[in-house]
Amino acid sequence: MNEELTYEQALERLEEIVKTLENSETTLDESLKLFEEGTKLASYCNDKLINAKQKITEISKD
């Protein structure tokens, strides 16, 4: 995963993948590649949110 990817960019790409999988006739191989990319993006977004929550918690303690 590209660490320079912003949360917003990752989320946008994830939304594109979901739309493609829902609305498009992709091959099984392409669907699997998109699914794999999507799970990586979802994990990346989740990690970003967890880090942001931790920072907010730390800032709020001060």
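This is a predicted model: local features need pLDDT of at least 70, side-chain atom pairs count only at pLDDT 80 or more; totals for chains, interfaces and linings use all residues.
Buried means under 20% relative accessible area, exposed means over 50%, and partly exposed is in between, using a 1.4 Å probe and protein chains only.

Residues are numbered from 1 along each chain as its sequence is written, and side-chain values use heavy atoms, with hydrogens and water left out.

Let us take helix α1. Helices here are DSSP runs of H or I with at least four residues, and they are numbered from the N terminus. Helix α1 covers residues 7-23, which is 17 residues. From its first C-alpha to its last it reaches 24 Å, close to the 24 Å expected at 1.5 Å a residue. The expected span is 1.5 Å times one less than the number of residues.

Which residues of α1 are buried? They are A10, L14 and I17. They lie on the same side of α1, because they cover an arc of only 60 degrees around the axis. That arc is taken from the directions from the helix axis to the C-beta atoms. The face turned away from the buried side carries the exposed residues E8, K19, E22 and N23.

What covers the buried residues of α1? The cover includes α2, residues 28-61.

Now the core. A nonpolar core is a set of buried Ala, Val, Leu, Ile, Met, Phe, Trp, Tyr and Cys residues joined through side-chain atoms within 4.5 Å. The largest one has 8 residues in all: L5, A10, L14, I17, L34, L41, Y44 and C45. The elements that give two or more residues to this core are α1 and α2, and α2 gives the most, with 4 residues. As a general point, in soluble globular proteins nonpolar side chains tend to be buried together.

Leaving aside residues up to four places away in sequence, C45 touches Y7, A10 and L11; contact means heavy atoms within 4.5 Å. The C-alpha atoms of C45 and Q9 are separated by 9.7 Å, with the two residues 36 apart along the chain. Q9 lies in helix α1 and is partly exposed, at a relative accessible area of 42%.

Next, the charged pairs. A salt bridge is a side-chain nitrogen of Lys or Arg within 4 Å of a carboxyl oxygen of Asp or Glu. How many salt bridges does the structure hold? It holds 3.

R13 pairs with E16, and their closest N and O atoms are 3.3 Å apart. These two are 3 residues apart in helix α1, so about one helical turn separates them. R13 counts as partly exposed at 28% relative accessibility, and E16 counts as partly exposed at 35%.

R13 also pairs with E37, the closest N and O atoms being 2.9 Å apart. That pair links distant parts of the chain, with E37 in helix α2 and R13 in helix α1, 24 residues apart. E37 is partly exposed, at 29%. Together, R13, E16 and E37 are linked in a network of salt bridges.

The remaining pair to mention is E36 with K40, whose closest N and O atoms are 3.6 Å apart. Both lie in helix α2, 4 residues apart, about one turn of the helix. E36 is partly exposed at 43%, and K40 is partly exposed at 46%.
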